[in-house]
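I opened this model to look up a few things and wrote them down as I went.

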Amino acid sequence: MIAFDEARHQVVSTAILIIAERVPTHAAMGRVLADDVFSPEYLPSFDNTAMDGFAVAAGGQLVPEGTELKVSAALAAGEAAPAIEEGACEIMTGAPIPDGLDAVIPVEQIQVLERDADMLPRRIRLLQALIPGANVRRRGQDIAQGDLIMPAGTRIGTAERMVLAALGIAEIAVRKQPVAALLTTGRELVDDPGQALLPGQIRNSNGPFLAERLLECGAELHIRRSLPDEAGAFTEAVRGCLQAGVELIISTGAVSMGRYDFIPDALRELGAEILFHKVAMRPGKPLLFARLPGGALYFGLPGNPVSSAVGMRFFVEPAVRACFGLAQERPLRVPLLHAVDKKPGFSMLQKALLRCDETGCLSVQLLKGQESFRIQPLLESNAWALLPEQSAHLPAGTLVDVFGLNGNGVVLNRVEVNHAG
Ligand code: AMP
Ligand code: MG
């Protein structure tokens, strides 16, 4: 049996960085950059006004309150700047600053002295002094051409999408998504939700859960199969996965010590190298990690739903992160809300609720119903708490590692602020 941390370390160091592909920016949400991105343009791309008002030539000097100016042009966003021979130019937010002008006085800070036949301002007076550069958004003030804007390893989210769009970047290099297969084993499993259960049958809940998690962490799921408890069918399915170019195989069930737990032997027969089988953790102890001929990684997760969830969260997801070249996540350190006793010798992964009290302090509550067959507490949980292997009694207030529901650092998304009690 291998320790929890050591097993995770082995998984991450076995996963190999996958190759890159170029994709259109609009199809890159959630993908991980393979190369650094440098800005091809300046942002803003020209000096422009931050306010509706009047552009003025301050000439590097304070323009005193009371100054009167002729208005010789008007300019909207989207128009090219005219040449201004004298005086001010009426200007709307986003419009370019005409050459020679260098400050903008907001429309609220002037008085119109004279209007033309169309009621457009002809002469104005400044009601306040104007500093050179005031209300001008400089070319490149946000991003300069050539700036490193996103390092390799950045996951493309909405902010990245906005910046890429602003800079006219149509295509980026991202890590290819690992191709995964999901095999659920167990003759008791029923996939069709419309089918009535016969005696002894249960519904396959791991399949849909793990499929969603695989997609969410960035894998492409090409094969999904439910298999009976037969080594022959299993072997044939794994061969099919390898022929189809699958890089990551995840199975549930059949890795424990029961009579129908055939996976370890079947994998050996397929020529797999079993890197570990059994981790000193609960739930999920029988987890198996192997490398198949050709290099595909194999995760044999135990069948109990929470065991498979723990295997996915703490082993499969870190492997996918490593394939993308992403840094491994760092847990939060949060005090336990209540004391807890546990058996030493196992790391315990607990369904947990990260809470924020009325003073803004975080604590973590271990939820009732920690057994590995109980999935209802997952509805209430927003985090996983890790109780260390050697500990036996953990008093209230003990700092423990808290992980988000997925590995992408979103632990704070669902923290219930000022949760009652
Ligand atoms: P196993 O690891 O195959 O011994 O299964 C352990 C427990 O998990 C048994 O009670 C199984 O019926 C249950 N189980 C196995 N696979 C699934 C699944 N896909 N969905 C829900 N429960 C499962
Ligand atoms: Mg089984």
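What follows are my notes, by topic.

**Ground rules.** I am working on a predicted model, where local features need pLDDT of at least 70, side-chain atom pairs count only at pLDDT 80 or more, and totals for chains, interfaces and linings use all residues. Residues are numbered from 1 along each chain as its sequence is written, chains are lettered from A and ligands numbered from 1 in the order in which they are written, and side-chain values use heavy atoms, with hydrogens and water left out.

**Ligand 1.** I began with the site. Which pocket holds ligand 1? I found ligand 1 in the largest pocket. A pocket here is an open set of points on a 1 Å grid over the protein atoms alone, with protein on both sides within 12 Å along at least five of seven lines. To sit in a pocket, a molecule needs more than half of its atoms within 2 Å of the pocket's grid points.

I then listed the neighbours. Ligand 1 is surrounded by 14 residues, and E188, N204, N206, A254 and G303 are the closest. A residue is near the ligand if one of its heavy atoms lies within 4 Å of it.

Next came polar contacts (pairs of N or O atoms within 3.5 Å). E188 places a polar side-chain atom 2.6 Å from an oxygen atom of ligand 1. A254 has a polar backbone atom 3.1 Å from a ligand oxygen. For N304, a backbone N or O atom lies 3.1 Å from an oxygen atom of ligand 1. I also checked the cover: on its own, ligand 1 has 490 Å² of accessible area, and the protein covers 77% of that. Accessible areas come from the Shrake-Rupley method with a 1.4 Å probe.

**Helix α1.** Helices are DSSP runs of H or I with at least four residues, and strands are runs of E with at least two, numbered from the N terminus. Buried means under 20% relative accessible area, exposed over 50%, and partly exposed in between, with a 1.4 Å probe and protein chains only. F4, A7, R8, V11 and T14 are the buried residues. They lie on the same side of α1, because they cover an arc of only 135° around the axis. I note that the arc is taken from the directions from the helix axis to the C-beta atoms. D5, E6, H9 and S13 are exposed on the other side. An α-helix has 3.6 residues a turn, so residues three or four places apart point the same way.

I looked for cis peptide bonds. One joins L43 and P44, with omega about -10°; P44 is in the loop between β2 and β3. Another joins R282 and P283, with omega about -5°; P283 is in the loop between β19 and β20.

I also looked at positive phi in residues other than glycine. M119 has phi near 70°. I placed M119 in the loop between β8 and β9, and M119 is exposed at 53% relative accessible area. N135 has phi near 60°. The loop between β9 and β10 holds N135, which is partly exposed at 27%.

**Two distances.** Is L353 buried or exposed? L353, in strand β24, is buried at 1%. Its C-alpha atom is 7.8 Å from that of W384, 31 residues apart along the chain. K176 is in the loop between β12 and β13 and partly exposed at 26%.

Technical notes: A polar contact is a pair of N or O atoms within 3.5 Å; within protein, one must be able to donate a hydrogen and the other to accept it, and residues adjacent in sequence count only if both atoms are side-chain atoms. On a 1 Å grid over the protein atoms alone, a cavity is a set of points where a 1.4 Å probe fits but cannot get out, and a pocket is an open set with protein on both sides within 12 Å along at least five of seven lines; lining residues have an atom within 4 Å of a point.
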